[in-house]
Amino acid sequence: MKMNQVEKKKCELVEKLGIFLEKKEQLAPVAARIFSHIILTGKQGTTFEDLVSGLCASKSTISTHLNHLQGLKQVSYFTKTGDRKKYFILNSDTMLKGISNMVEEWEGEKELHIEVKEYKEDINKTLKEEDKIDLGFHDSFIEFLDGAITSVTKLKEKIINHKH
């Protein structure tokens with residue numbers, strides 16, 4: 001049976017997103033592919049059987065990594081009445097936790113840049129004009145971080161409001 005274009009694109013994206021998630025989330029390759037597959041499937045959920053066939057991995061390998069993702073609380077499942085299958089989905093709190101961590105990291109980095117800039121401003125008071133340290137980079141970077149923090153915080157609020 002020939003794979004249609006949508007299925008082919010999904011396979012390519014599972015691989016591409018999987019490589020990204022391996023690095024970003026420090027996941028094993030198969031766990032990252034499972035996570036990617038679940039992300040791309042969306043709220044309808046994906047079954048264990050879908051993962052085994054879609055990722056061409058053994059049942060034990062899929063089971064091990066799926067259990068690991070559940071243990072990390074990145075993946076959860078639901079069931080449907082009259083259907084014994086589990087439908088795996090992205091844990092809705094995973095994205096919010098990731099955004100919060102990102103904002104926290106950026107705020108820490110911003111504070112560090114502010115401290116370094118203040119130090120350099122103090123040093124500049126003691127230097128001749130031609131020896132003064134340029135503070136433009138710090139100003140630009142602090143401005144960038146402010147914008148990024150504001151944008152990502154708005155995104156987080158939209159996600160929270162959409163859930164309720």
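**View 1. The crossing of helix 1 and helix 2 is right-handed.** In this predicted model, local features need pLDDT of at least 70 and side-chain atom pairs count only at pLDDT 80 or more, while totals for chains, interfaces and linings use all residues. Residues are numbered from 1 along each chain as its sequence is written, and side-chain values use heavy atoms, with hydrogens and water left out. A crossing is right-handed if the near helix is turned clockwise from the far one by less than a right angle, and left-handed if anticlockwise. Helices are DSSP runs (H or I, at least four residues) numbered from the N terminus. The axes of helix 1 (residues 5-25) and helix 2 (residues 29-41) cross at roughly 125° and come within 8 Å; axes are lines fitted to C-alpha atoms over the stretch in contact, with angles from 0 to 180 degrees between N-to-C directions.

**View 2. Residues of helix 1 meet residues of helix 2.**

**View 3. The largest nonpolar core has 17 residues.** Such a core is a set of buried Ala, Val, Leu, Ile, Met, Phe, Trp, Tyr and Cys residues joined through side-chain atoms within 4.5 Å, buried being under 20% relative accessible area (1.4 Å probe, protein chains only). Ile34, Ile62, Leu66, Leu69 and Val75 have the most contacts inside this core. Helix 2 gives the most to the core, with five residues.

**View 4. Leu69 is in contact with residues including Leu27, Ala31 and Ile34.** Its other contacts, leaving aside neighbours within four places in sequence, include Phe35, Gln74 and Val75.

Definitions and conventions. Helix = DSSP H or I, 4+ residues; strand = E, 2+ residues; numbered from the N terminus. Contact = heavy atoms within 4.5 Å. Buried < 20%, exposed > 50% of the residue type's maximum accessible area, 1.4 Å probe, protein only.
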